[in-house]
Amino acid sequence: MSSSPSLLSARSSRLALLVVGLCWLAVLFDGLDMFIYGSVLPHLLETKTFGLTPDTAGDLGSYATFGMLVGALTAGTIADRVGRKKLMVGCVILFSLASGLCAISGSVEVFGLGRTLAGVGLGGLLPTAISMVSDYAPRGRGALIIGLLMTAHHAGGILSAYVAKWLIDPVGWRAAFWVCVLPLLFAPVLAKFLPESLSFLVAKGRSTEAAALAERYDVELPAAAGKKTAADRWDALLNLFRGGEWTQTLLYWIASFGGLLLVYGVATWLPTLMRTEGYALGDALSFVVVFNLGGIVGMLVAGRAADRFGAPRISALWFALTAAGVFLLSVHMAQTVTMIVVFLTGVFLNSAQTMIYATVSIRSTPDNRATSVGWTSGMGRFGAVFGPWLGGQLLASGNGDWGFTAFAIAGLSSMVFIGIAALRSSKQAASGSEQELVAAH
């Protein structure tokens, strides 16, 4: 007996709601764990926990982003072997247990190990979650669904600020990390109710199972992709440097480096730098909330703006506005004005990097797009490691006032390099895959 179109549509919506809801919660916990260190950092420095100094604190911030680099680079290989569902469950378990290690740590070395392991889980979860929701998004709603998922990361940042505000004074900083262990209780729910990725089922030859699931819930069945050899992958990478393309490739990589330096540098040091500007700890954490609210708005606005005016223009403009906003934060203004600047900075900063991936995707040929976007993201993640370290070094040398200025310069450099790359490029390609575009973040 065939199902009516309306029934199929209802089933598709229910499945999408289930998958997106579960992945949204997983990414929320991902964001909470990522931002919690920056939220508790002012307290750790003021109380000299573990004898923490600004330069050591910067190193600790880089440990998590280095772990994210490892997690992001290995996630695809592991997912191809065990499945995207199992990888997501494993990532949630890993960063939850790693936060527990931070909570019980008695030395900076153990705390650093916990942050590194948490970073591995964090880095592996986000691209995998994006792949999952892309598989199960209703027809024609892929971009909207991915945009909604990306808001969860910033919602986690907002939650981290409130966790720090509510728990640090009455209970202590360790309680904040114990809260980050609670997602461990979510792992069995994820394992029970999240369906396996359709892409994984097709790739593993379980086409009958995948087709039945796709037909049952009226979702698109991914096409079977040919298996690439190591030679194919190396050839795709070498294509980024052939025929004069090396200049273009390096410009994209440098722009991505500056962009992620800015994103993770500000995410780690915003509360501490606001404290150095004379704001109370509670106010500094409120800025984290406002900053991430801006990030949610920015994620929803940037794509529409890029579709209308072009991703390269929006990328360059977004970085210019980000640099202006970050620089203004080095000036002590009335609190209401500062809140507005922090919000607008969050709007532009958190989506400016995504516009780099959009530019790369549009300017790449279809057969080399995944490689181009993936390597641009990978090179940029070295900036993510460098950003937290840079903030710590500036504070340790007594140049904390230069923190926002240094991050603003990174934003301007990304604006310049992505602008030059866009002007040099003469390619006109079709719009890129939403999954490749956002998963690189």
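Analyst: Start with the nonpolar patch, whose largest share, three residues, comes from helix α12 (residues 281-309). This is a predicted model. The patch is on the surface and is made up of Leu148, Val297, Leu300 and Val301. Together these residues have about 280 Å² of accessible area. Leu148 belongs to helix α5 (residues 142-167). Its relative accessibility is 37%, so Leu148 counts as partly exposed.

Now go inside. The largest nonpolar core has 130 residues. Cys23 and Phe407 touch the most other members of it. Helix α1 (residues 5-46) gives this core its largest share, 18 residues. What does Cys23 touch, once its neighbours within four places in sequence are left aside? The list is Met88, Ala129, Met132, Val133, Leu149 and Leu194.

The whole structure holds 13 aromatic pairs. In one of them, the ring centres of Tyr37 and Phe111 are 6.1 Å apart. Their planes meet at 45°, so the pair is tilted. Stacked pairs need planes under 30 degrees apart and edge-to-face pairs need over 60, so 45° falls into the tilted class. Tyr37 is in helix α1, and Phe111 is in helix α4 (residues 108-136).

Phe50 and Trp173 make another aromatic pair. Here the centres are 5.8 Å apart and the planes are at 80°, which is edge-to-face. Phe50 is in the loop between α1 and α2 (54-82), while Trp173 is in helix α6 (residues 173-179). The pair therefore ties together parts that are 123 residues apart in sequence. Trp173 has a relative accessible area of 7%, so it is buried. Tyr37, Phe50, Phe111, Trp173 and Phe177 form one aromatic cluster.

Most residues other than glycine have a negative phi. Phe50 has a positive one, near 60°. Lys48 lies in the loop between α1 and α2. Lys48 has a positive phi too, near 55°. Lys48 is exposed, because its relative accessibility is 59%.

Next come the charges. Side chains of opposite charge can pair when their charged atoms come close. How many salt bridges does the whole structure have? The search finds two. In one, Arg115 meets Asp33, with 3.1 Å from N to O. Arg115 is in helix α4 and Asp33 is in helix α1, so this pair ties together parts 82 residues apart in sequence. Arg115 has 1% relative accessibility, so it counts as buried. Asp33 has 0%, so it counts as buried.

The salt bridge between Glu46 and Arg275 has its closest N and O atoms 2.2 Å apart. Glu46 belongs to helix α1 and Arg275 to helix α11 (residues 245-276), so the pair ties together parts that are 229 residues apart in sequence. Glu46 is at 46% relative accessibility and so counts as partly exposed. Arg275 is partly exposed because its relative accessible area is 27%.

End at helix α15 (residues 369-396), which holds Arg381. Arg381 has a relative accessible area of 7%, so it is buried. Arg381 and Leu260 are 121 residues apart in sequence. In space, their C-alpha atoms are 6.3 Å apart. Thr376 is found in helix α15. Thr376 has 1% relative accessibility, so it counts as buried. Which residues does Thr376 touch, not counting those up to four places away in sequence? They are Tyr252, Trp253, Ser256, Ile356, Tyr357 and Val360.

Conventions
Residues numbered from 1 in each chain as written. Predicted model: local features only at pLDDT ≥ 70, side-chain atom pairs only at ≥ 80, totals over all residues. Heavy atoms only, no water. Core = buried A, V, L, I, M, F, W, Y, C linked by side-chain atoms within 4.5 Å. Buried < 20%, exposed > 50% of the residue type's maximum accessible area, 1.4 Å probe, protein only. Helix = DSSP H or I, 4+ residues; strand = E, 2+ residues; numbered from the N terminus. Contact = heavy atoms within 4.5 Å. Patch = residues over 30% accessible without salt bridge, like charges linked within 9 Å, V, L, I, M, F, W, Y side chains within 5 Å. Areas by Shrake-Rupley, 256 points an atom, 1.4 Å probe, with all protein chains shown as cover. Salt bridge = Lys/Arg side-chain N within 4 Å of Asp/Glu carboxyl O. Phe/Tyr/Trp six-rings, centres within 6.5 Å; stacked < 30°, edge-to-face > 60°.
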